[in-house]
Amino acid sequence: MTPADDAQQLLDLFGVHSAGKLVSYSPINGAPIGRVTVGDPDHACGRAAEAFVKWRSVPAPRRGELVRLLGEQLRQAKPVLAKMITLEAGKILQESLGEVQEMIDICDFAVGLSRQLYGLTIASERPNHRMMEQWHPLGPVLVISAFNFPVAVWAWNSALALVCGDPVVWKPSEKTPLCAELVMQLVRGALRGFGDAPEGLIQLVQGERDVGAALVDDPRIALVSATGSTAMGRAVGPRVAQRFGRSLLELGGNNAAIVCPSADLELAARAILFSAAGTAGQRCTTLRRLIVHESVAEPLLARVRQLFASVKIGDPRAPDTLIGPLIDQAAFDAMIEVLGDKLERADAVPGGFYVRPAVVELKDQEGSVLRETFAPILYALRYRELEEAIALNNAVPHGLSSSIFTNDVREAERFMSASGSDCGIANVNIGPSGAEIGGAFGGEKDTGGGRESGSDAWRAYMRRQTNTVNYGSELPLAQGIRFDIAP
Ligand code: UN1
């Protein structure tokens, strides 16, 4: 079956009518697979603002019920939604199933969270006073998601936003509009089951950059959570700040792994294959730089090259494929820019951009290695002292993810310490990609500083209120100030 036939079957199954100006292409063969209608940002923001007035007063555990129902819908639809991810984003079915699982996981997490939106009580310096913090809903949240995780990142944001009392407006990547349409059908199912959610609580606004910009600038959007390139974040961040809106930026990465002399090299090689070549190198957490100790560089690089040379590249629908296509011609061009005629194209499905992952050995960390090229290119550098390796890890503009392979506890701890990796994520004996939802996800520097998903990332979706209550009959002032009225 062609991707277009497959997509039509899924659209029919979900009752989605394919029509409109925006065309979706499958990276499997580059052919169109469906169309969607471009949305109206102003209308969506108006509806979201109205929904907020109602949703913020619904008790949080009841809001959690909606997310629980969404999780149920996702459980049932997991295989079919995964198939659309494979058709539209080009990732292998296993990874697409993982992406839907990530959505289910965050729904489960958010349901529990809906009973745990805790504030603090704080000791007051004044007698007969109590001080506390409350977390209140923030307002409509705009979620801008990227093609490479067309639905999971929306779920990270939306599951939290909804339990936190915020309506959601979703502007998906223009490269993956059909996945978003299917998810919205599941959302509608969950809303029906819930019964009395306000109109406009969860909206999808399809479109290109202009649509995104209009949403970003709308003062009714309280939080812009944007995932994508650093260039996109540089445009979005200041625009939101200009109107004193909040933004949560999860931008690019240029992630490294350090391989130490004591490392289990076979384990490291397998982790390197998954994190550097998996998803055709198109994760923000993809391993892009290998910093390997000179004493183990030869055997490790030989094994990695062997794995890269033998890994099955092809139609991501086939069960034995490990690497699918790049998303489009632009991604392919970016890879050529780095590799030139060393780029090896894999002969898979005509019309798609299938490439063999490449290792590029460097003496110094300069040139294209400092940039994020969204393709399976692994730069390899050698080091002598751990300090040098940590300095190399940190000497790039991005600060998303990092990892170390070692069986020496001192090296591992050194890497995770305050003077170790400067990234938001620092792993030991696993690659930099493939995070679980339970941890806070995001990174520093050009990665944008935002944290999504687990831990206490929910706080970004709420506003904090400090309350001081006087239950006495005197009026003592803070800092001992006397402000007495003359008798
Ligand atoms: C992304 O590439 O934008 O940690 C998100 C990972 C996934 C999420 C990646 N759980 O690789």
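In these legends, Ala, Val, Leu, Ile, Met, Phe, Trp, Tyr, Cys and Pro count as nonpolar, Asp, Glu, Lys and Arg as charged, and the others, Gly among them, as polar. The views show a predicted model.

**View 1. The residues around the ligand.** The shell around the ligand comprises 5 nonpolar, 5 polar and 2 charged residues. Its members are Glu102, Ala146, Asn148, Phe149, Val153, Thr227, Arg283, Cys284, Thr285, Ser433, Gly434 and Ala435.

**View 2. An open sheet of 5 strands.** The strands pair in parallel and follow the order β7-β6-β5-β8-β9. Strands β7 (202-204) and β9 (246-250) each have a single partner strand, so one side of each is left without a neighbour in the sheet. From one strand to the next, the twist averages 15°. Strands of a sheet pair through backbone hydrogen bonds, either parallel or antiparallel.

**View 3. Strand β6 and its pairing with β5 and β7.** Strand β5 (residues 141-144) is joined to strand β6 (residues 168-171) by 4 bridges, and the two run parallel. Within this pairing, Ile144 has Lys171 in β6 as its bridge partner. Strand β6 is also joined to β7, by 3 bridges and again in parallel. Here Trp170 stands opposite Leu204 in β7.

View 4. A right-handed β-α-β unit is made by β5, helix α5 (residues 152-163) and β6. From β6 the chain then crosses through helix α6 (residues 177-194) to β7, and this β-α-β crossover is right-handed.

View 5. Strand β10 (residues 255-259) and strand β15 (residues 401-405) are paired in the parallel sense over 4 bridges, and Val259 stands opposite Phe405 in β15.

**View 6. Two residues with positive phi.** Most residues other than glycine have a negative phi, and most peptide bonds are trans. Asn429 is not a glycine, yet its phi is positive, at about 60°. This residue is found in the loop between β16 and β17 (440-441). Asn429 counts as partly exposed because it has 15 C-beta neighbours inside 10 Å. Gln479, which is not a glycine either, has a positive phi of about 60° and lies in the segment after β20. Because Gln479 has 6 C-beta neighbours inside 10 Å, it counts as exposed.

View 7. Leu475 is found in the segment after β20 (462-470). Why does Leu475 count as exposed? The reason is that 8 other C-beta atoms lie within 10 Å of Leu475, and a residue with 12 or fewer is exposed. Leu475 and Pro127 are 348 residues apart along the chain, and their C-alpha atoms are separated by 9.3 Å.

Definitions and conventions: Residues are numbered from 1 along each chain as its sequence is written. This is a predicted model: local features need pLDDT of at least 70, side-chain atom pairs count only at pLDDT 80 or more; totals for chains, interfaces and linings use all residues. A residue is near a molecule or strand if its C-beta atom, placed from the backbone, lies within 6 Å of it. Two strands pair if DSSP finds at least two bridges between them. Axes are lines fitted to C-alpha atoms, for helices over the stretch in contact, and angles run from 0 to 180 degrees between N-to-C directions. A residue is buried if 20 or more other C-beta atoms lie within 10 Å of its own, exposed if 12 or fewer, and partly exposed in between; C-beta atoms are placed from the backbone. A crossover is right-handed if, with the strands pointing away from the viewer, the path from the first strand over the helix to the second runs clockwise.
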